[in-house]
Amino acid sequence: EEDDDEDEEEAGESEDKTDKDSSEQSAGEEAELSLVPYSNVAYSESEMLKRATDFANLLSRRRSCRQFSERPVDPEVVRLLVTAAGSSPSGAHTEPWTYVCVTNELMKRRIREIVEEEEEINYARRMSAEWKADLAKLRTSWEKPYLTEAPVIVVLMRQVHGWRSGREEKRQHYYSEISVSISAGLFLAAVQNVGLCTLTSTPMNAGPALRRLLGRPPNEKVHLLLPLGYAAHNAQVPNLTRKPVEKIMVNI
Ligand code: IYR
């Protein structure tokens, strides 16, 4: 795995065991859960069709944007986007994610420096010729101006494991890669729903340094960097098309 953090095996062992963090379960969550009635929103079939159409149209306008305006985003909006992302299902309801939201300019600059230092090597030596040829159409490079231009960088951390109450024992996080990726998908949809934009960027080899910079514990690994903000007024994106539904859907 490209982002292997040597610390993972002894995750947490050098940490202060009384220090609480978000990967620690509260005592109540270890107990058996009672059952409550399930209630969901309900729509008529015609409302459903309208909503399904509107939502598909909204999401079809989502694009990975690499040019941001410096206009700040209301922190309450960011909090609600993360709230939406936190509604994701997860293995054994372990909720193995931490959304680190960085607005501090100095921190953003440090993140950019760390990522660009690795990306320069990635593009020069680590990525195959085939990989770079496949990417050429997206016009990416090792330079990441969006990491300082976007008003927020959301660093999505995956908790490889959590802690049982008291932090004496590791708590298994099942399917944490899948869980965090589903959560990220919900985050993307939530971002699109408010007219902001983001980018699912994967900082190859920069994970451990970013984790340390952000002061996150060793049981967390950088999963995605999600710069967040308004698109620049003159932002451009590659003229991509998507597969029609007939090509991605099979009915049996
Ligand atoms: N992570 C690098 C390279 C990159 C790789 C893929 I696959 C992309 O779809 C886009 C970029 C970068 O951010 O430039």
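Helices (H or I, at least four residues) and strands (E, at least two) are taken here as DSSP runs and are numbered from the N terminus. This is a predicted model, in which local features need pLDDT of at least 70 and side-chain atom pairs count only at pLDDT 80 or more, while totals for chains, interfaces and linings use all residues. Residues are numbered from 1 along each chain as its sequence is written, and side-chain values use heavy atoms, with hydrogens and water left out.

**Overall fold**

The protein contains eight helices and six strands, and from the N terminus on its elements follow the order α-α-β-α-α-α-β-β-β-α-β-α-β-α. Burial is expressed through relative accessible area, where buried means under 20%, exposed over 50% and partly exposed in between (1.4 Å probe, protein chains only). By that criterion, 38% of the 252 residues of the protein count as buried.

**The ligand site**

The ligand sits in the largest pocket. A pocket is defined on a 1 Å grid over the protein atoms alone, as an open set of points with protein on both sides within 12 Å along at least five of seven lines, whereas a cavity is a set of points where a 1.4 Å probe fits but cannot get out; lining residues have an atom within 4 Å of a point. A molecule sits in a cavity or pocket if more than half of its atoms lie within 2 Å of its grid points.

Helix 3 (105-126) and helix 4 (129-135) are the elements that give two or more residues to the shell around the ligand. The residues surrounding the ligand are Arg66, Glu119, Tyr123, Met127, Trp131, Leu135, Leu138, Thr140, Ser141, Lys144 and Thr202, a residue being near a molecule or strand if one of its heavy atoms lies within 4 Å of it. This shell divides into five nonpolar, three polar and three charged residues, with Ala, Val, Leu, Ile, Met, Phe, Trp, Tyr, Cys and Pro counted as nonpolar, Asp, Glu, Lys and Arg as charged, and the others, Gly among them, as polar.

Polar contacts are pairs of N or O atoms within 3.5 Å; within protein, one must be able to donate a hydrogen and the other to accept it, and residues adjacent in sequence count only if both atoms are side-chain atoms.

| Residue | Protein atom | Ligand atom | Distance |
|---|---|---|---|
| Tyr123 | polar side-chain atom | oxygen | 2.5 Å |
| Lys144 | side-chain N or O | oxygen | 2.5 Å |
| Thr202 | backbone N or O | nitrogen | 3.2 Å |

Taken alone the ligand exposes 370 Å², of which the protein buries 71%; accessible areas come from the Shrake-Rupley method with a 1.4 Å probe, and for residues only the protein chains shown count as cover.

**Residues in loops**

Ser90 is found in the loop between helix 2 (75-85) and strand 1 (97-102), and it counts as buried because its relative accessibility is 15%. The side chain of Ser90 reaches the backbone nitrogen of Thr94 at 3.1 Å.

Arg139, placed in the loop between helix 4 and helix 5 (146-149), has a positive phi of about 55 degrees although it is not a glycine. With a relative accessibility of 72%, Arg139 counts as exposed. Asn205, a residue other than glycine, likewise has a positive phi, near 75 degrees; Asn205 belongs to the loop between strand 5 (197-198) and helix 7 (207-213), and at 27% relative accessibility it counts as partly exposed.

Thr200 lies in the loop between strand 5 and helix 7 and counts as partly exposed, at 36% relative accessibility. The C-alpha atoms of Thr200 and His223, which are 23 residues apart along the chain, are separated by 9.7 Å.

Cys101 itself lies in strand 1 and is partly exposed, with a relative accessible area of 36%.

Ala189, in helix 6 (residues 176-193), is buried because its relative accessible area is 17%. Ala189 and Phe55 are 134 residues apart in sequence, yet their C-alpha atoms are 9.4 Å apart in space.
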